[in-house]
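Me: I would like to learn how to read strands, helix packing and charge pairs in a model. Can you take me through one?
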Amino acid sequence: MTAPVTTLRSQVLVVGSGAAGLTAAIAAARNGADTLLVENAGFLGGISTTLPWLGFHDRDYRLIVKGLALEFAQRLQAQGAASAFELDPKCASAISIDSHWWKILAMQLAREAGVNLLLHTQVVETLRESDRITGVVVENKSGRQRIEAAVTIDCSGDGDVAARGGVAWAKGRTGDGLVQAPTLVFKLGGVDRAAFVAGCKVPANNYREWLSPFPELWEKMMRRIDRMQVIVCGGYAALVEKARLAGELDVPQTRIVGVKLHQPDEFLVVMTRVLGLDPTNVHSVTDAYTRVYGQIPGLVRFFQRHVPGFAGANLREIAPMLGIRESRRVSGDYLLTAEDLIAGRQFEDAVSMGGYHIDIHRPAGTWVDSHNVRAYTIPVRSLIARGVDGLLMAGKCLSATHEAVASTRVIPICMGQGQAVGTLAALAVKQSVAVREVSLPLLQDTLVGQGAEIGRTVGEPDRRAIEEVGQLPFNEPPTTGDKDPVSASETAWVR
Ligand SMILES: Cc1cc2nc3c(=O)[nH]c(=O)nc-3n(C[C@H](O)[C@H](O)[C@H](O)COP(=O)(O)OP(=O)(O)OC[C@H]3O[C@@H](n4cnc5c(N)ncnc54)[C@H](O)[C@@H]3O)c2cc1C
């Protein structure tokens with residue numbers, strides 16, 4: 001017998017509690033809306049809980065993501081659970097956070113704001129009346145519930161609400177629809193920091209390939225590296241090649257990608273990898289999990305045997321979910337493009353900012369493709385779903401091309417979008433109007449009044465930081481490495 005479906009009501013409904021959704025829910029609740037946050041997992045924060053946060057700054061080392069994202073970072077720093085900002089010529093800036101303390105703080109922040117929660121709850125249907133999205137149906141241990149809302153915000157990372165509601169979306173790159181390669185990250189503990197840093201200083205290891213063509217940048221990094229709390233790595237190609245040739249490593253990756261975290265003995269490995277994933281196909285996702293778990297033992301042994309500083313390292317933590325870099329992108333009133341980012345476009349309807357480089361983990365190859373960008377704004381139109389009322393989106397599923405989302409996807413930039421949509425939803429509810437009818441100056445002034453940066457107070461390049469850290473040329477040479485050798489075995493899940 002089917003149990004009757006309970007109906008819940010909320011003014012604002014947020015689906016997904018990652019960097020974008022958590023921030024959206026907190027912003028909506030702080031702005032007075034009755035807010036419900038629905039999350040499939042048993043914790044808040046999504047994939048942001050296991051990664052350093054990159055991209056608060058632009059390439060001129062100006063702080064361009066402020067507001068709630070900065071508040072979260074500062075609260076973690078104040079409790080000793082995050083590093084200081086570490087400036088970096090490729091990523092602009094990084095802070096390393098303590099995963100567990102971020103999960104605890106995320107829950108505390110949501111409760112302080114008065115956000116209502118439904119955990120271990122999955123959206124299975126979208127409610128649509130004509131051209132209006134009116135909520136969702138969820139399923140959990142209690143059965144099925146209908147949730148009706150004035151504004152629904154899709155922060156599922158997969159555009160689940162939009163897709164189930166018949167809203168247009170796109171996935172992957174234009175040619176073949178493939179998305180960026182996913183990675184299950186894991187942490188190694190017991191790292192000898194001094195030996196690791198000594199290894200970074202050996203030019204032959206080439207621990208950070210971006211820098212090696214530019215001796216001046218390399219010198220500057222070497223002057224700082226002993227005191228750096230966060231060290232981003234992308235290199236050691238010869239070591240990886242040696243291990244692959246010796247049959248010790250079987251991962252479709254040719255570089256060490258990872259981050260020396262602020263805890264002196266911890267390193268985050270970002271090297272498991274599956275090519276040809278379809279993040280909306282459960283067989284593909286299951287196959288990806290099987291493969292990445294199988295890659296971890298070989299990677300741990302590789303670090304222990306070959307990488308300076310890791311002889312005594314051990315496996316400390318595996319991320320609670322596969323890191324999916326890209327999935328459905330919901331079609332919005334505006335499609336943000338790589339050209340917008342590269343030009344550093346300042347939109348009239350700007351509601352947040354970004355400045356992280358375009359960072360494409362090749363969908364069917366190894367290593368990355370990258371392009372630098374200038375500090376850009378994100379227009380509210382790219383956060384409003386096209387063709388319907390009542391649906392906003394933020395984070396990985398904003399309206400952007402495959403290339404543009406490769407920049408907007410980093411954690412602080414997702415949080416900036418989250419603050420924008422949460423605030424917009426609350427204003428719409430307060431005024432009993434559709435989201436498109438909220439006055440733009442009111443939205444922008446509210447965001448700025450609550451600390452967000454929308455391009456009004458960015459200021460001049462930080463000359464002192466540029467001098468100390470250095471800058472990569474805007475049009476640096478393309479990255480090397482193989483391009484897209486999709487093999488039959490890599491797409492074995494395709495039915
Ligand atoms: C391997 C990897 C490494 C990265 N490294 C960095 C880095 O070092 N620094 C950085 O700043 N960024 C990094 N990024 C990018 C960044 O972490 C993510 O793009 C960003 O956190 C995405 O946030 P989000 O809120 O859009 O999505 P997510 O964090 O994916 O959150 C989506 C949430 O929605 C929930 N959900 C999904 N579907 C449903 C449903 N149907 N019903 C209910 N809940 C649902 C999920 O459980 C999840 O909690 C990395 C990404 C990956 C994958």
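**Reading the strands and helices**

Reply: Start with strand 1 (residues 6-15) and strand 9 (residues 143-154), which run parallel and are joined by nine bridges. Keep in mind that this is a predicted model.

Me: What holds strands of a sheet together, in general?

Reply: Strands of a sheet pair through backbone hydrogen bonds, in a parallel or an antiparallel sense.

Me: In which sense do strand 1 and strand 2 pair, parallel or antiparallel?

Reply: Strand 1 pairs with strand 2 (residues 35-38) in the parallel sense, over four bridges. Val-15 has Val-38 in strand 2 as its bridge partner.

Me: In what order do the three strands of the open sheet lie?

Reply: The order is 3-5-4, and the pairing is antiparallel. Strand 3 (53-54) and strand 4 (86-88) are the edge strands, each pairing on one side only. Two bridges join strand 3 to strand 5 (residues 92-95). Leu-54 stands opposite Ala-94 in strand 5.

Me: How many bridges join strand 11 to strand 14?

Reply: Three bridges link strand 11 (residues 186-189) and strand 14 (residues 267-269), and these strands run antiparallel. Phe-186 has Val-269 in strand 14 as its bridge partner.

Me: On to helix pairs. At what angle do helix 1 and helix 3 cross?

Reply: Read the axis distance and the angle together. The axes of helix 1 (residues 19-30) and helix 3 (residues 99-113) come within 8 Å and cross at roughly 25°. Helix 1 is therefore roughly parallel to helix 3, since angles under 35 degrees count that way. The crossing is left-handed.

Me: Which residues of helix 1 and helix 3 meet?

Reply: Helix 1 brings Leu-22, Ile-26, Ala-29 and Arg-30; helix 3 brings Trp-102, Ala-106, Leu-109, Ala-110 and Ala-113. By class, the contact has eight nonpolar, no polar and one charged residues.

Me: What can side chains of opposite charge do?

Reply: They can pair when their charged atoms come close. In this model, Arg-30 forms a salt bridge with Glu-71, with the closest N and O atoms 2.8 Å apart. The pair links distant parts of the chain: Arg-30 lies in helix 1 and Glu-71 in helix 2 (residues 67-78), 41 residues apart.

Me: How many salt bridges does the whole structure have?

Reply: A search of the whole structure finds 35 salt bridges.

Me: Back to helix 2. At what angle does helix 2 pack with helix 11?

Reply: The angle between helix 2 and helix 11 (residues 411-431) is about 125°, and their axes are 7 Å apart. That makes helix 2 oblique to helix 11.

Me: Which residues meet in the contact of helix 2 with helix 11?

Reply: Gly-67, Leu-68, Ala-69 and Phe-72 in helix 2 meet Pro-412, Met-415 and Gln-419 in helix 11. The contact divides into five nonpolar, two polar and no charged residues.

Technical notes
Residues are numbered from 1 along each chain as its sequence is written. This is a predicted model: local features need pLDDT of at least 70, side-chain atom pairs count only at pLDDT 80 or more; totals for chains, interfaces and linings use all residues. Side-chain values use heavy atoms; hydrogens and water are left out. Two strands pair if DSSP finds at least two bridges between them. Axes are lines fitted to C-alpha atoms, for helices over the stretch in contact, and angles run from 0 to 180 degrees between N-to-C directions. Angles under 35 degrees count as roughly parallel, over 145 as roughly antiparallel, 65 to 115 as roughly perpendicular and the rest as oblique. A crossing is left-handed if the near helix is turned anticlockwise from the far one by less than a right angle, and right-handed if clockwise. Contact means heavy atoms within 4.5 Å. Ala, Val, Leu, Ile, Met, Phe, Trp, Tyr, Cys and Pro count as nonpolar, Asp, Glu, Lys and Arg as charged, and the others, Gly among them, as polar. A salt bridge is a side-chain nitrogen of Lys or Arg within 4 Å of a carboxyl oxygen of Asp or Glu.
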